[in-house]
Amino acid sequence: MARLRVRVQGRSSDYWRYTLSSWLREVKEILEQEYNVSLEIVEEDVDIDTPRILVENEIVLEGVPGEEGYLIEALKKALNEALKETAHQ
């Protein structure tokens, strides 16, 4: 089973970083089962105006989408790419 790191970057007190982290935790198990991966969600304190999500070292999303569905689709695309890269290594 592949293990992938999902990082949420932003200011520690930022409401929107907290929102992205919460949404990730809500969909984590579903994505893990669908992709047969283990996701490690890490919050990182970075002094930026807009929070962002990275899968491994690739930026997946900057800012907060209007709904969780957009976040899920962006994560699925990123997971597909990350798993392709891991398969080729």
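## Strands and pairing

Two strands count as paired if DSSP finds at least two bridges between them. Helices (H or I, at least four residues) and strands (E, at least two) are DSSP runs, numbered from the N terminus. This is a predicted model: local features need pLDDT of at least 70, side-chain atom pairs count only at pLDDT 80 or more, and totals for chains, interfaces and linings use all residues. Residues are numbered from 1 along each chain as its sequence is written, and side-chain values use heavy atoms, with hydrogens and water left out.

Strand β1 (residues 2-10) and strand β3 (residues 52-55) run antiparallel, joined by four bridges. Val8 faces Ile53 in β3. Gln9 stands opposite Arg52, also in β3. With β2, β1 pairs in the parallel sense, over nine bridges. Here Leu4 has Leu39 of β2 as its bridge partner.

## The crossover

From β1 the chain passes through α1 to reach β2, a right-handed β-α-β crossover. Right-handed means that, with the strands pointing away from the viewer, the path from the first strand over the helix to the second runs clockwise.

## The sheet as a whole

Four strands make up an open sheet, in the order β2-β1-β3-β4, with mixed pairing. β2 (37-45) and β4 (58-62) are the edge strands; each has a single partner strand, so one side of each lacks a neighbour in the sheet. On average, neighbouring strands are turned by 25° against each other, direction ignored. Helix α1 (residues 15-35) packs on this sheet and touches β1, β2, β3 and β4. Contact means heavy atoms within 4.5 Å. The direction of α1 makes about 170° with that of β2. Axes are lines fitted to C-alpha atoms, for helices over the stretch in contact, and angles run from 0 to 180 degrees between N-to-C directions.

## The largest pocket

The largest pocket holds about 290 Å³ of space. A pocket is an open set of points on a 1 Å grid over the protein atoms alone, where a 1.4 Å probe fits, with protein on both sides within 12 Å along at least five of seven lines; lining residues have an atom within 4 Å of a point. Grid points are joined across faces, edges and corners, and the volume is the space filled by probe spheres set on the points.

Its lining has 15 residues, and Val55, Glu58, Ala78, Glu81 and Ala82 lie nearest the centre. β4 and α2 (68-88) are the elements that give two or more residues. α2 gives the most, with seven.
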